[in-house]
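Work through the exercises below with the sequence and the model open. Each task is followed by a solution in steps.

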Number of protein chains: 2
Amino acid sequence: MRQILEQNLNIKKIGWPDFFRCINEELVILEDNLRNKLPTKSSLLKEVISYIFNAGGKRLRPAICFLTAKGTGRITDKHIILSELTELIHTASLIHDDIIDSAKLRRKRETINSLWNDKISVITGDFLFAQASIRLGKLENTEIVKIYAKVLSDLCDGEIEQYSLLFNINISWEDYINKSTTKTASLFAACCKSAAILNEMDTASITMAHEYGNFLGIAFQIVDDILDFTGSSAELGKEAGSDLKQGIITAPALFALKSNDNRARQLKTIIENKFDESTEDFKKAVQLIHELGGCEKAKRLAMEYSEKSKETLYFIRDHEIKSFMLQATDFVLERIS
Amino acid sequence: MRQILEQNLNIKKIGWPDFFRCINEELVILEDNLRNKLPTKSSLLKEVISYIFNAGGKRLRPAICFLTAKGTGRITDKHIILSELTELIHTASLIHDDIIDSAKLRRKRETINSLWNDKISVITGDFLFAQASIRLGKLENTEIVKIYAKVLSDLCDGEIEQYSLLFNINISWEDYINKSTTKTASLFAACCKSAAILNEMDTASITMAHEYGNFLGIAFQIVDDILDFTGSSAELGKEAGSDLKQGIITAPALFALKSNDNRARQLKTIIENKFDESTEDFKKAVQLIHELGGCEKAKRLAMEYSEKSKETLYFIRDHEIKSFMLQATDFVLERIS
């Protein structure tokens, strides 16, 4: 069964890291469900869904969900449903975010709004959210319904917060961490916590599972924000510095803005003036952020959060699984090492 | 309390029908919750939400939800949450539909996408869906979670179906009723059914509550479709025939297309050719639909569904409430009488 699925899905292309091997079987089932089992009669929607899920992606959220499940007992059918709905919510929110951010590229490929249009993006996102809700119903667990309802609310809050803080050079660290928590870490935390709940763990372990996901999610977001500055356009699959260009102030920019250096003032002025819509000014801003050590400092911050997430892992008693989870945490940072 | 709320909300402007008086108190609380209690820190979102919910609206879905609750026992706090989440889902889906249909006007007022933009519409719709999910969690009832997950899925299916059938003159009655069920009746049915579930009714009554909402919802949709042809632009708050102009084939057009008359063939050609983008051709199509008796026949169909919904009402034992529910059913048809 697994071999047939792997062949059909051309799984090798996905390139899951080695430490995923203990959850390989479940990841293959998840992949098949996402690619081939979402029920729609519409040929247009089928095409869009196939475009989205065949793009690959590391399925990091499902993976840490499965690892938490394995580390707190075993991976049940409900955990597969849980990881699936987590990936569906993640994907739906990206599709709607791409409308909001007018994004043209994601993971080196054209976005749905770019290749089709905003309308198709709205429908597709809503469809994936609805499919996630159906899976939430199947779990028959009101606590998990509440957890994921909060995630949906957090995702909106994060997006609204980001939208309302564009080009705002007075954003605080609290704003930034809060936005990273709601936009990213909330879903990481929810899937880890829910995985532990489904295995009927004690309250302390459930809290730790939540914390693990939360800290890992924040680290992940900071890494993403660093990559936006350090990656080449080819690696990123989108223009470097594209967040800043839109006015989104992330960790590297924030460190640069808050440094005690005259160049910080210069950076403030350039951002406040929205780069005067000139490429020169934008390039100067990126250069100043690099000069002021924004990316190095952000990297240290990401490592701090990564360490915090590792420290929660004492609730995982199985040594092998724990070591895989530590590797998963390191993997998040590897992208910037 | 009620008086203060009524004054603050300027409830008289809403103009609820008389037979709503037995649920007036609950409707006032609902109205206050929708207008003033949705939690957001964003001033922009506050403005958008206030714009939406201060537009009035009859709150028909909450009303039939409350009536069903009263008719099957009593209206509990959970019924208020239920009716609120129902209105939230309804509103969110309208906002997203307006993006998909590029609608400029709704209820005589500019749409969110027209007054703000598509991005704000996406965020606002997602926010309202998320708020609905939070309320769904509060009900702590996994059966109702499943019912509403199916509604979300139905709403998408309906929208996709509508989108894929634009200008398709071969659409069948089954297609039309199916689309009306998923796009409209599903939510009516869900709130009636769930109201009965919360009052712990027997299975037969729960099924009848579902059927009541379902038939009423289909009647409501047909009436809406008739009004699109018979209302003046001033009454509708949007251009008359605007559904047809977009290529949406509704009951009046369908009756006309399926009539045994040479003019039906003429109508087919005009629609198939998408009116050659000419106002003349569009006007001709509307005229043919009237000539071929499309609206009268559609009215009879709406009455049939209205009668079907009344026939389910034997599960309501309280005579007074039953008579209010019969009036509510007639009220849906009154708009075209």
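The exercises go from the relation of the chains to their interface and then to helix packing.

The model is predicted: local features need pLDDT of at least 70, side-chain atom pairs count only at pLDDT 80 or more, and totals for chains, interfaces and linings use all residues. Residues are numbered from 1 along each chain as its sequence is written, while chains are lettered from A and ligands numbered from 1 in the order in which they are written.

**Exercise 1.** Find which rotation and shift superpose chain B on chain A.

Step 1. Copies are superposed by least squares on the C-alpha atoms of residues with pLDDT of at least 70 in both.
Step 2. In chain B, the C-alpha nearest the axis belongs to T142(B), 3.2 Å from it.

**Exercise 2.** Describe the side of chain B that touches chain A.

Step 1. Contact requires C-beta atoms, placed from the backbone, within 7 Å. On this basis 31 residues of chain B are in contact with 31 residues of chain A.
Step 2. Helices are DSSP runs (H or I, at least four residues), numbered from the N terminus. α3 (43-53), α5 (77-100), α7 (118-139) and α8 (142-164) of chain B each supply at least two residues of this side.
Step 3. α7(B) gives the most, with 13 residues.
Step 4. By class there are 16 nonpolar, 8 polar and 7 charged residues. Ala, Val, Leu, Ile, Met, Phe, Trp, Tyr, Cys and Pro count as nonpolar, Asp, Glu, Lys and Arg as charged, and the others, Gly among them, as polar.
Step 5. The copies meet through the same surface, because 100% of the interface residues of chain B are also interface residues in chain A.

**Exercise 3.** Determine how α5(A) packs on α7(B).

Step 1. Axes are lines fitted to C-alpha atoms, for helices over the stretch in contact, and angles run from 0 to 180 degrees between N-to-C directions.
Step 2. α5 (residues 77-100) of chain A and α7(B) pack at about 150 degrees, with their axes 8 Å apart.
Step 3. The pair is therefore roughly antiparallel (an angle over 145 degrees).
Step 4. H96(A), I99(A) and I100(A) of α5(A) meet residues of α7(B), among them D118(B) and K119(B).
Step 5. The contact of α5(A) with α7(B) has 4 nonpolar, 1 polar and 3 charged residues.

Key:
Two residues are in contact if their C-beta atoms, placed from the backbone, lie within 7 Å. Angles under 35 degrees count as roughly parallel, over 145 as roughly antiparallel, 65 to 115 as roughly perpendicular and the rest as oblique.
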